[in-house]
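Dear colleague,

I am passing on the structure we spoke of, with some notes on its helix packing and aromatic pairs. Please read them with the model open beside you.

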Amino acid sequence: MAIIKPFKGIRPVPQLANKVAALPYDVMDSQEARLLVKDNPYSFLHVDKAEIDLDPSINPYDQKVYEKARDNLQAMIRSGTLIQDQENHFYIYELVMNGRSQVGLVVCTSIDDYLNQVIKKHEHTRPSKEEDRINHVDYCNANTGPIFLTYHGKQEVNDLVNQCMKHQEPVYDIEFDDEVRHRVWIIDSVEVMEQLKNAFAQVDTLYIADGHHRCASAVKVGLKRRASSKDYTGNEEFNFFLSVLFPHDQLHIMDYNRVIKDLNGNTSAEFLQKIEDKFIIEIPREQGPFSPQEKKNFGMYLDGTWYSIKAKEGSYPEKDPVASLDISILQNNLLYPILGIEDPRTDERIDFVGGIRGLEELERRVQEDMKVAFSMFPTTIEDLMSVADSGQMMPPKSTWFEPKLRSGFFIHELS
């Protein structure tokens, strides 16, 4: 059973919400963030990437950065930019992109559910990134960005959420420059909150869609505070972390494409000959970028030509939930054995391009600084769940979710 808990959200005053809400801290570097907040003192990036308010020479992991994040958060609360609700609530968070709506429930989830694998992960985390977010959460005394979780959709939950949306006005209704609309409702009915808690008590598993490092860090901060608490009861806020729960059938995963610097010493002709061992190569009838329309099919852009390459039967283990992923098939049959990309996490010859940027971006990269590009069929949410259920981890850069959740709409205070 999944435990969900209402909380007293810290959130922007409605008239400033469009200035406060910001893209996640990890989709941009410090320099890009400095430019984004140049004329916006209200941006939540002043909390989530506080190095932008310090000398550019400072290490982003310096203690002064976490102290600045804490100070900026407190300043936003003191100034009235952020307010805290006086009662515990659930919240509804809807994102609409290109006419597609996904509706999430904003709650606090249990660190024990993470430890007991009710909340399942599908990615490895890196200690340095975990330590960064541990410090950030600890100094701010808050979860400043929600963990993006999903679950097998339940009609009972959909009905309750839809009724709230139908009969209440949203507290925020904002369309940003990227043409994604964000709407937020407050659930203040004790009866509805109890019904939602009971509904999720029947949900066996929650899956991390995005935010593995923030999730692991929130759990470790909670355990750290448990150890130092003299009067620990289990009900303290640090036992829970900020999450948004979306039903799996509303989510949209885009392709996550690959570009490679060189052909590992092969000529183009030699390269094409070598990949014929495991792939069927064709030149599509239609000119222009090739976007695969089914699993086990890839687009390849080389020397100004788009190819379709399809994995041959027997080139991958069909029943292995990880090895049968398109990402794994490309890695195990081409990127590693032919191009020498042994570890995509660390090899500087490979780069990754989110599908939101389009296949023309692959052409641009090959023309400028890369040699070959591969367009991917998107990983499905069912793939993600299957891997998590198997207890295995997905390869790096497997999923690109759109639209991105904004930070700053919801903050959960730990004490």
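Which residues do ring pairs link into a cluster? The members are Phe7, Tyr91, Tyr93, Tyr172, Phe409 and Phe410. Please keep in mind throughout that this is a predicted model.

Aromatic pairs

In total, the structure holds 15 aromatic pairs. One of them joins Tyr256 to Trp400, whose ring centres lie 5.1 Å apart with the planes at 75°, and since angles over 60 degrees count as edge-to-face, the pair of Tyr256 and Trp400 is therefore edge-to-face.

Helix packing

Turning to the helices, the axes of α4 (residues 63–78) and α6 (residues 127–140) come within 8 Å and cross at roughly 40°, which means that α4 is oblique to α6. The crossing of these two helices, α4 and α6, is right-handed. On the α4 side the contact is made by Gln63, Tyr66, Glu67, Ala69, Arg70 and Leu73, which meet Asp132, Asn135, His136, Tyr139 and Cys140 of α6. Sorted by class, the residues in this contact of α4 with α6 comprise 5 nonpolar, 3 polar and 3 charged.

How do the axes of α7 and α8 lie relative to each other, roughly parallel or roughly antiparallel? The axes of helix α7 (residues 155–167) and helix α8 (residues 190–200) come within 10 Å and cross at roughly 160°, and because angles over 145 degrees count as roughly antiparallel, α7 and α8 are roughly antiparallel to each other. The crossing in which α7 passes α8 is left-handed. Here Glu156, Val157, Leu160 and Cys164 of α7 meet Val192, Gln195, Leu196, Ala199 and Phe200 of α8, and the contact of α7 with α8 has 7 nonpolar residues, 1 polar residue and 1 charged residue.

With kind regards

Key:
Residues numbered from 1 in each chain as written. Predicted model: local features only at pLDDT ≥ 70, side-chain atom pairs only at ≥ 80, totals over all residues. Heavy atoms only, no water. Axes fitted to C-alpha atoms, helices over the stretch in contact; angles between N-to-C directions. Helix = DSSP H or I, 4+ residues; strand = E, 2+ residues; numbered from the N terminus. Parallel < 35°, antiparallel > 145°, perpendicular 65-115°, else oblique. Left-handed = near helix turned anticlockwise from the far one by under 90°. Contact = heavy atoms within 4.5 Å. Nonpolar A, V, L, I, M, F, W, Y, C, P; charged D, E, K, R; others polar. Phe/Tyr/Trp six-rings, centres within 6.5 Å; stacked < 30°, edge-to-face > 60°.
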